[in-house]
Amino acid sequence: MPRTPATRRYHAFGQYLKDLYGQPVYKVNVDAGFTCPNRDGTVSVGGCIYCNNDSFRPSACSGSESVSGQIVNGIPYLRRRYGAEKFIVYFQPFTNTYAPVATLERLYREALGHPGVVGLAIGTRPDCVDEEKISLLQALAKDHFILVEYGLQSVYDRTLQFINRGHDYACFKRALSMTTGRGIRVGAHLILGFPTESRDDMLAMADELSRLPIGFLKLHQLQVIRDTALADRYASHPFFTFSYEEYLGTVADFLERLSPDIVLQRLFAAAPGDILIAPVWNRTRSEFLNDLDALMEKRGSFQGKKYIPS
Ligand code: SF4
């Protein structure tokens with residue numbers, strides 16, 4: 001039987017928002033036209049080796065249209081299809097704090113000014129925040145849901161070097177400590193499956209993140225995407241990628257070790273088939289989530305089952 005977020009065996013973001021607002025809250029993705037210091041030469045020109053922004057930019061949003069235009073286009077569909085009344089605007093592609101603070105304030109307030117918008121989710125790099133930007137987010141967080149999602153990808157510096165991330169784990173921890181205790185919700189983004197890590201290394205990241213003051217986590221499998229440096233490497237030196245069953249089991253193990261307080265925003269990636277090289281599973285997100293719940297139920301498993309508070 002298909003599960004609903006309320007019956008999942010982990011703390012799911014959709015249910016978290018529903019509990020907070022008394023009704024479902026829907027995401028409206030926007031592309032505010034930001035770039036990335038890891039691609040424009042400020043940190044590096046190559047970018048992260050797996051990065052192809054087409055794999056995470058929904059076709060409905062485009063950096064050439066204003067933030068307001070994208071929201072005005074996005075909301076009516078959600079209202080019609082789901083009866084949606086409350087929305088979080090998700091600043092997703094590239095690095096969404098990579099601009100002067102006055103520009104950020106204009107864009108964020110523009111988004112928050114739309115009827116029904118209760119907050120923002122802002123994806124960024126940990127080396128692209130400073131005290132001034134965090135103070136802006138703190139001010140906005142007094143009246144709105146403000147979630148900053150820091151791309152981390154791995155807690156291991158050898159992996160961060162391998163993927164040309166352009167920052168180390170200590171940088172993430174500095175950003176986290178700058179953001180914590182300011183009324184801003186803080187999340188991290190991790191990828192499982194880098195060839196620099198064993199399965200035990202990957203699972204140990206659940207213990208490590210559970211010790212940090214993060215409230216939210218996005219997790220997904222490594223995907224080799226066309227036209228990336230990782231795709232070149234995969235062609236010249238093929239490496240292990242998860243089978244569907246292996247990834248399901250790894251996520252279940254990871255969730256058992258993760259603090260039950262951390263809200264899961266994502267557990268699965270689904271790049272378009274025309275750019276995905278590996279692993280190819282032909283599964284949808286909802287199929288994955290249902291299979292994960294079935295597996296966890298069969299194992300008597302739940303988020304935090306093996307979590308050891310420090
Ligand atoms: S930080 Fe994000 S946008 Fe920039 S290169 Fe890495 S994955 Fe791509």
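Mentor: A residue counts as buried when its relative accessible area is under 20%, as exposed when that area is over 50%, and as partly exposed in between. Please keep in mind that this is a predicted model.

Trainee: Is Gln153 buried or exposed?
Mentor: Gln153 is found in strand β4. Its relative accessibility is 4%, and the cut-off for a buried residue is under 20%. Gln153 therefore counts as buried.

Trainee: Which residues does Gln153 touch, not counting residues up to four places away in sequence?
Mentor: A contact requires heavy atoms within 4.5 Å. With residues up to four places away in sequence left out, the residues that Gln153 touches are Tyr50, Ile163, Arg165, His189, Leu190, Ile191 and Phe194.

Trainee: How many helices and strands does the chain have, and why can it be called as compact as a globular protein of its length?
Mentor: The chain has ten helices and nine strands. For 310 residues the globule rule gives 19 Å, and the radius of gyration is close to that value, so the chain is as compact as a globular protein of that length. The radius of gyration of the chain is 19 Å.

Trainee: What percentage of the residues of the chain count as buried?
Mentor: The chain has 310 residues, and each is judged against the cut-off of under 20% relative accessible area. The share that counts as buried is 53%.

Trainee: Which elements are included in what covers the buried residues of α7?
Mentor: Helix α7 spans residues 199–210. Its buried residues are Met202, Leu203, Met205, Ala206, Glu208, Leu209 and Ser210. The cover of these residues includes β4, α6, β5, β6 and α9.

Trainee: Where is Phe94, and is it buried, partly exposed or exposed?
Mentor: Phe94 lies in the loop between β2 and α3. Its phi is near 60°, a positive value in a residue other than glycine. At 23% relative accessibility, Phe94 falls between the cut-offs of 20% and 50%. Phe94 therefore counts as partly exposed.

Trainee: Is Asn282 buried or exposed?
Mentor: Asn282 lies in the loop between β9 and α10, and its phi is near 55°, a positive value in a residue other than glycine. The relative accessibility of Asn282 is 71%, and the cut-off for an exposed residue is over 50%. Asn282 therefore counts as exposed.

Trainee: Which residues does the cis peptide bond join?
Mentor: Pro279 has its place in the loop between β9 and α10. The omega of the cis bond is about -10°. The residues joined by this bond are Ala278 and Pro279.

Definitions and conventions. Residues are numbered from 1 along each chain as its sequence is written. This is a predicted model: local features need pLDDT of at least 70, side-chain atom pairs count only at pLDDT 80 or more; totals for chains, interfaces and linings use all residues. Side-chain values use heavy atoms; hydrogens and water are left out. Helices (H or I, at least four residues) and strands (E, at least two) are DSSP runs, numbered from the N terminus. The radius of gyration is taken over C-alpha atoms; the globule rule is 2.2 Å times the number of residues to the power 0.38. Buried means under 20% relative accessible area, exposed over 50%, partly exposed in between (1.4 Å probe, protein chains only). The expected span of a helix is 1.5 Å times one less than its number of residues.
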